[in-house]
Amino acid sequence: MPELVALMRAFYAEAGFTLDEERATAGFASLLADARLGRVWLIEPAAGYIVVTFVHAMEFGGMTAVVDDFYVRPEARGEGLGTAALAAARRACEDLGMRAMRVEVGVDNTAAQAVYRSAGFQPLPGHGLMAATLAPSCSARKLEHGG
């Protein structure tokens, strides 16, 4: 658990977020305790992690997987570890009978988009992401303009 939280802290810091480590630990604990919720993989040797959660999606007629967190340490990038981890996660989801995999990726994050495209992900035409926060999250965006 400490290694996962440390990797999540590095991931969130790179994106300009601060991490509530207590909430992150609780989130990992609940996910790891119930395989129906998803899977977590460490990319060895301590190079990163990938979290995939499961949801029933009417659009795909059944269970789908969501790449919720996917991080490779900067010093391990470019070695194919992330591509291999994503391919392994995809195979695991196929073996579990998932009907699709989805991911949220920043519109300006061309490096991540390229990794996902190489793994077979394509934009879903006409889809936009919206959310309603119902409880405190694990992160808070670090404000760059002091307010």
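I began with Glu21, which at 35% relative accessibility counts as partly exposed; I call a residue buried under 20% relative accessible area, exposed over 50% and partly exposed in between, with a 1.4 Å probe and protein chains only. I keep in mind that this is a predicted model, in which local features need pLDDT of at least 70 and side-chain atom pairs count only at pLDDT 80 or more, while totals for chains, interfaces and linings use all residues. Residues are numbered from 1 along each chain as its sequence is written, and side-chain values use heavy atoms, with hydrogens and water left out.

I then searched the whole structure for salt bridges (a side-chain nitrogen of Lys or Arg within 4 Å of a carboxyl oxygen of Asp or Glu) and found six. One of them joins Glu21 to Arg9, with the closest N and O atoms 2.5 Å apart. Because Glu21 lies in helix 2 (residues 21-33) and Arg9 in helix 1 (residues 2-14), this pair ties together parts that are twelve residues apart in sequence; helices (H or I, at least four residues) and strands (E, at least two) are DSSP runs, numbered from the N terminus. I noted Arg9 as partly exposed, at a relative accessible area of 38%.

Next I looked up Glu14, whose side chain meets that of Arg77 in a salt bridge of 2.8 Å, N to O. Glu14 belongs to helix 1 and Arg77 to the loop between strand 4 (62-72) and helix 3 (81-95), so the contact ties together parts 63 residues apart in sequence. Both ends are partly exposed, Glu14 with a relative accessible area of 44% and Arg77 with 39%.

A further salt bridge, 2.5 Å from N to O, brings together the side chains of Glu59 and Arg102. I read this pair as a link between distant parts of the chain, 43 residues apart, with Glu59 in the loop between strand 3 (48-57) and strand 4, and Arg102 in strand 5 (residues 101-103). Glu59 is partly exposed at 47%, as is Arg102 at 27%.

Last, I returned to helix 1, where I found Leu4, Val5, Leu7, Met8 and Tyr12 buried. These residues cover an arc of only 160 degrees around the axis, which puts them on the same side of helix 1; the arc is that of the directions from the helix axis to the C-beta atoms. Just after helix 1, I recorded a positive phi of about 85 degrees at Gly16.
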